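Let's sit down with a model and learn to read its features one by one. Have the structure open as we talk.

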Amino acid sequence: MSELESLFSSVRNEFPALSQKVHGKTLRYLDSAATTLKPKAVVDRISHFYSYETSNVHRGAHYLGDVATQAFEAARQKVAEFLHAKQIEEIVFVRGTTEGVNLVAHSWGLTNLKAGDEILITEMEHHGNIVPWQMVAEKVGAQVLAAKILDNGELDLEDFKKKLSAKTKMVAFTACSNVLGTNNDMALLTKLAHEVGAKVLIDGAQIVSQSPVDVQKIDCDFFVFSAHKLFGPFGFGVLYGKKEILDQMPPYQGGGSMIAKVTVEKTTFNEVPFRFEAGTPHVEGAIGLHAAIDFMEKIGFEKIHAYEMELLKEATTKLEMIPDLKIFGTASNKGPIISFNLKGTHHSDVGQILDQEGVAVRAGHHCTQPLMARLGVPGTVRASFSVYNNREDIDALVKAVAKAREMLL
């Protein structure tokens, strides 16, 4: 056993979910691109909050209120450091990646976009980074364009450049495709967009658990991600935005916390980030995310990346040996995600057989119907890997896929 395998064998023990059996078989969880399992450190931290620190934040005039507020804002500081934001005020807490995109689309977009403007996305985007822009574009008379991808799943950089123009006001793209695994060059795409005067939003949902992110080096205007993609709780996420841009954006929702003063006649709004955080916040979400980031940093991003690339390489090599199997997305720089189909079968049938063998994968269009249309398929089977996976998981996947082939072909 290699040094990396030894380290991540102990990491695996931090995830209680993997101790169970499904359909009488050992659970092989290969659906981390949809959501990661939660380590004991995160579960215990959230449990401790509910057991001993439950209180609303910011306005409590008592001890528990102070404790909860300190933990909530400590999480904001942790996220700012995690993303290398210039200042803590650039971190807005939201419900997840999707709400982060919607906030920018409706607050910044409705304020700054007009008829004839263009929003450039890519063919590999998740619906969460397509639909909000379409909704806003329809309201203001703007147009959504999509840069093409190459047959290997990489972004067609020439087409991306070709579609950039003085009309382009927003460029929104994924850092890592949730289907193809393709990692886009965030700094390069941001630089190209800025050269035509466009703002940039990056969907970081898949990248944050793989490698460190430095929003200042990338120079993006907005960056969004979800806590549940990196070992944290559901229903919580982060929007990073450059403060000078956030300061000019109107509130996305109205209610408590986001106000400075309210009269019957008029309301004035709070400073950022609180202007965008109406109502009672997801306090345990922030605290859980803090614990999740601590968990990852304790392991180390370099080790996480190296190990996940080992898993990706071995899984790809072994799956390619199965006759009639086609892998979608063979970019040279990709994350630990493999989407595939068995020729002559339906992805859902394959997924069901794998489930009976204890192998948990995703099967469907993965909220990327435009990408599926580009690939010429209704959906794929997707296996994705994380810190708790091992060679036995890969062998179980390969064996189950081979069995599916025998049964269906």
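**Helix contacts, bridges and spaces**

Q: Which residues of α2 and α10 meet?
A: Ala41, Val42, Arg45, Ile46, Phe49 and Tyr50 of α2 touch Val283, Glu284, Ile287, Gly288, Ala291 and Ala292 of α10. By class, this contact brings together 9 nonpolar, 1 polar and 2 charged residues. Keep in mind as we go that the model is predicted.

Q: How do I describe the way the axes of helix α2 and helix α10 cross?
A: In general, a packed pair of helices is described by the angle between the two axes and the distance between them. Here, helix α2 (residues 40-53) and helix α10 (residues 283-299) have axes that come within 9 Å and cross at roughly 145°.

Q: In which hand does α2 pass α10, left or right?
A: The crossing of α2 past α10 is right-handed.

Q: Let's turn to charged pairs. How many salt bridges does a search of the whole structure find?
A: The search of the whole structure gives 26 salt bridges. Pick out one of them, in which the side chain of Arg12 meets that of Asp393, with 3.1 Å from N to O.

Q: Why does the pair tie together parts that are apart in sequence?
A: Look at where each partner sits: Arg12 belongs to helix α1 (residues 3-12) and Asp393 to helix α14 (residues 391-408), so the bridge ties together parts 381 residues apart in sequence.

Q: Now for spaces. How much space lies in the largest pocket, and what lines it?
A: A pocket is open, whereas a cavity is a space from which the probe cannot get out. The largest pocket holds about 410 Å³. Its lining is made of 23 residues, with His126, Asn178, Gln206, Lys229 and Cys367 nearest the centre. Helix α4 (residues 97-112) gives the largest share of that lining, 3 residues. Sorted by class, the pocket lining has 7 nonpolar, 12 polar and 4 charged residues.

Q: How many cavities of 30 Å³ or more does the search find?
A: There are 3 cavities of 30 Å³ or more in the whole structure. The largest cavity has about 100 Å³ of space. Of its 14 lining residues, Ser32, Ala33, Gln206, Ser209 and Phe385 are the closest to the centre. The classes in this lining are 5 nonpolar, 7 polar and 2 charged.

Q: What lines the second largest cavity?
A: Around this space, of about 50 Å³, you will find Glu5, Tyr307, Glu310, Leu311, Glu314, Asn390 and Arg391. Helix α11 (residues 301-320) gives the most to the lining, with 4 residues. By class, the lining of the second largest cavity has 2 nonpolar, 1 polar and 4 charged residues.

Q: One last topic, the backbone. Is the peptide bond from Val272 to Pro273 cis or trans?
A: The bond from Val272 to Pro273 is cis, and omega is near 5°. To find Pro273, go to the loop between β12 (267-269) and α10.

Q: And what is the phi of Asp219?
A: Asp219 is not a glycine, yet its phi is positive, at about 75°. Asp219 sits in the loop between α8 (215-218) and β9 (222-226).

How values were computed: Residues numbered from 1 in each chain as written. Predicted model: local features only at pLDDT ≥ 70, side-chain atom pairs only at ≥ 80, totals over all residues. Heavy atoms only, no water. 1 Å grid on protein atoms, 1.4 Å probe; cavity = no way out; pocket = protein on both sides within 12 Å on 5 of 7 lines; lining within 4 Å. Points joined across faces, edges and corners; volume = space filled by probe spheres on them. Nonpolar A, V, L, I, M, F, W, Y, C, P; charged D, E, K, R; others polar. Helix = DSSP H or I, 4+ residues; strand = E, 2+ residues; numbered from the N terminus. Axes fitted to C-alpha atoms, helices over the stretch in contact; angles between N-to-C directions. Left-handed = near helix turned anticlockwise from the far one by under 90°. Contact = heavy atoms within 4.5 Å. Salt bridge = Lys/Arg side-chain N within 4 Å of Asp/Glu carboxyl O.
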